[in-house]
Amino acid sequence: MNKEKALKLAAVVLAAATIIFGVYFYFANCFNAAATKRVNFYYGIIFIVMFAITIYTLRLLILDKKWNYPRLFVITAIAWTFCMQFVMPPISGVDEVEHYYSAYHCSNIMMGMKDHNLGLDQYHGMIWTDDTFFYMRAEDYYMMPYLDVTFPYQYAVLANGTWIKHAEDLQDNVEVHNIAPTKASRYLVSGFGITIARLLGFGFAGVIFMGRFMNSLSLIIAGWIALKLLPVGKHQFFAFAMFPAVINLCSSYSYDNMSILFSLALLTLCLYYSQPHVKLHAWDLIILGGCVVMLIPNKIVYALFAIWIFAIPVKKWWSDVVLSKKWYEYCILGVIVAGAVVVFEKVLVKYYWRIYSLVFWSRNETVSEVDPSRQVWSWEYFQNHKLETFKFAWDGIKVDFWYNIKHVVGSELGHVMLNAKVPMACTIVILVLMIASIIMIKGNRIKKWQYVVLGLGLFICLLAIFIGCMTRFTPVDSQRIQISYRYLIPLYMSLCIILGTDAKENKVSLALIYIQNLALVFSMCGLLYFLFHLRDGMGAPF
């Protein structure tokens with residue numbers, strides 16, 4: 001037996017062991033003869049999908065089938081986001097209750113349903129009072145509290161709920177008071193999914209899952225396009241997208257998905273346009289600017305990624321656009337310059353301090369946005385306690401670095417009251433596979449000066465995130481900077497891509513993807529086990 005056959009046999013043995021373990025886990029922990037068929041099927045479909053994607057990648061590996069990153073990414077991403085949505089169902093994500101209501105409110109706008117008694121501030125932000133309300137379908141409104149309970153009861157509520165069919169007696173609209181949704185522009189994708197489900201007459205479970213699914217689908221499509229255009233880092237992006245924490249976030253209602261999407265789009269286009277054989281046009285500046293603008297409604301700090309545009313050689317703009325002698329190129333450039341002047345005069349000058357405080361430092365706020373009873377590290381506090389602030393920042397960064405690494409690699413998922421845990425061994429395996437891909441997959445990398453430009457964008461954005469979280473969320477008596485790991489995912493993702501090579505699809509990269517899929521099977525089983533035993537020794541919540 002030669003080396004290649006031995007490796008293929010090892011791959012088959014690993015797949016068989018994984019599937020056998022999965023079948024055992026299902027009957028030992030998920031199957032319940034006393035439960036309804038729908039509940040058992042709910043769990044069963046998770047394992048069917050996991051086994052299917054395992055067999056699919058194994059087949060590619062042992063039969064030497066042709067494959068490519070974009071197609072394989074779409075298939076694996078659909079499979080694992082589907083599994084994650086069922087393992088960590090709606091409302092289990094970070095701030096997902098608020099996100100769901102906001103997405104539903106966005107759906108109302110798409111369907112032409114207006115808010116009542118809504119006010120606007122000087123920046124056209126929404127002002128909600130006791131008399132302000134929006135509408136929800138009665139079925140969606142009254143079923144929500146039953147879903148918003150502690151695991152494992154959510155599974156039965158969804159499995160036995162209404163999916164394609166709806167409850168005929170709960171189709172009237174009801175007024176929703178005391179819930180203030182945030183900007184609808186953050187929830188265009190998930191709101192569109194909810195709108196489709198409502199127009200098709202889906203029940204509560206169908207509506208709440210459709211919004212999530214549309215969020216995932218938009219990122220899967222964006223990933224497919226990125227893998228077609230990226231000159232480097234294809235495998236690294238693929239591997240990072242399959243981290244449990246990333247899958248969980250991208251399978252939720254969080255509007256951080258839009259930050260990930262447009263950060264990926266901006267970096268992909270900058271790297272794509274920087275290639276010598278790609279001809280630039282004036283309208284490419286509009287496309288790049290559009291990506292930056294779309295980052296602003298979600299987290300304005302990510303607009304600092306605009307620095308990445310300088311990763312495209314300036315001489316390419318000069319030779320391809322300025323020296324093109326094309327009248328339409330000059331007309332578009334004129335429109336861009338005029339638009340930049342208007343934006344500078346009408347926006348930057350007028351709202352300078354508002355933008356400054358959102359991007360960098362909160363100047364006038366002295367209390368936490370999360371807990372108004374506690375003082376934060378404001379600009380005034382910094383002026384009077386410079387050494388204390390620098391010491392806290394340094395100690396806080398050291399603590400926060402490991403805290404966020406722990407979350408991003410996927411050991412803890414969901415909202416802070418849940419912190420569902422993936423087995424640490426699985427997260428370590430996936431992290432090792434990522435590092436191995438950067439080292440083992442050989443090829444050409446980006447130029448050194450591009451590392452400087454792209455790294456500068458990452459560093460400035462990271463610095464702004466830490467300062468912003470210090471001055472908006474972190475009380476002066478806190479032990480660490482109150483920063484969410486979600487804010488750093490676009491940075492980690494971009495770093496992985498930048499460190500990658502232009503290597504084409506090969507056996508090594510497919511083997512790493514295959515092993516990561518096996519690790520994800522054990523991750524999902526460990527996550528289910530944690531959630532099943534979350535309330536051991538406690539009574540039912542209803």
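**The cavities and their surroundings**

Tutor: The lining of the second largest cavity consists of 3 nonpolar and 4 polar residues, with no charged ones. The model is predicted, and that applies to everything below. The residues around this second largest cavity are Gly93, Val94, Asn248, Leu249, Ser252, Ser254 and Tyr485. Its volume is about 40 Å³.

How many cavities of 30 Å³ or more does a search of the whole structure find? The count is 2. Rolling a probe the size of a water molecule over the atoms is what shows where empty space is left. The largest cavity holds about 200 Å³ of space. Its lining has 17 residues, and those nearest the centre are Phe73, Leu219, Ala241, Val246 and Cys250. By class, 15 residues of that lining are nonpolar and 2 are polar, while no charged residue is present.

Which helices supply at least two residues each to the lining of the largest cavity? They are α3 (69–87), α8 (204–229), α9 (234–241), α10 (244–250), α11 (256–273) and α20 (489–498). For scale, the chain has 21 helices and 6 strands. Of its 542 residues, 51% are buried. Among contacts with a separation of 6 or more, 80% join residues 24 or more positions apart.

Two helix pairs in this lining can be described through α9. On the α3 side the contact uses Tyr69, Leu72, Phe73 and Thr76, and on the α9 side Lys234, His235, Phe237, Phe238 and Ala241. The contact of α3 with α9 comprises 6 nonpolar, 2 polar and 1 charged residues. Phe73 and Ala241, which take part in this contact, are also among the residues nearest the centre of the largest cavity.

The second pair is α9 with α20, whose axes are 7 Å apart and whose packing angle is about 150°. From α9, Gln236, Phe237 and Phe240 make the contact; from α20, Ile489, Tyr492, Met493, Cys496 and Ile497 do. This contact of α9 with α20 has 7 nonpolar residues and 1 polar residue, and no charged ones.

Glu96, Tyr100 and Tyr104 of α4 meet Phe204, Val207, Ile208 and Arg212 of α8. The residues here are 5 nonpolar and 2 charged, with no polar ones.

In α5 (residues 138–147), the buried residues are Ala138, Glu139, Asp140, Met144 and Leu147. What covers them includes α4 and α8, along with β3 (134–137), α6 (153–159) and β4 (173–176).

Aspartate 64 is in the loop between α2 (37–62) and α3, and its phi is near 55°. Isoleucine 91 is in the loop between α3 and α4, with phi near 85°. Are these two residues buried or exposed? Aspartate 64 is partly exposed, because its relative accessible area is 42%. Isoleucine 91 counts as buried, because its relative accessibility is 3%.

Threonine 195 belongs to helix α7 (residues 188–199). At a relative accessible area of 7%, threonine 195 falls under the 20% cut-off, so it is buried. Setting aside residues up to four places away in sequence, threonine 195 touches Ser107, Met110 and Met111.

For contrast, take phenylalanine 310, in the loop between α12 (282–295) and α13 (314–322). Phenylalanine 310 is exposed because its relative accessible area is 56%. Beyond its neighbours within four places in sequence, phenylalanine 310 is in contact with Trp449 and Val453. The C-alpha atoms of phenylalanine 310 and valine 453 are 6.8 Å apart, although 143 residues separate the two along the chain.

Key. Residues numbered from 1 in each chain as written. Predicted model: local features only at pLDDT ≥ 70, side-chain atom pairs only at ≥ 80, totals over all residues. Heavy atoms only, no water. 1 Å grid on protein atoms, 1.4 Å probe; cavity = no way out; pocket = protein on both sides within 12 Å on 5 of 7 lines; lining within 4 Å. Points joined across faces, edges and corners; volume = space filled by probe spheres on them. Helix = DSSP H or I, 4+ residues; strand = E, 2+ residues; numbered from the N terminus. Nonpolar A, V, L, I, M, F, W, Y, C, P; charged D, E, K, R; others polar. Buried < 20%, exposed > 50% of the residue type's maximum accessible area, 1.4 Å probe, protein only. Contact = heavy atoms within 4.5 Å. Axes fitted to C-alpha atoms, helices over the stretch in contact; angles between N-to-C directions.
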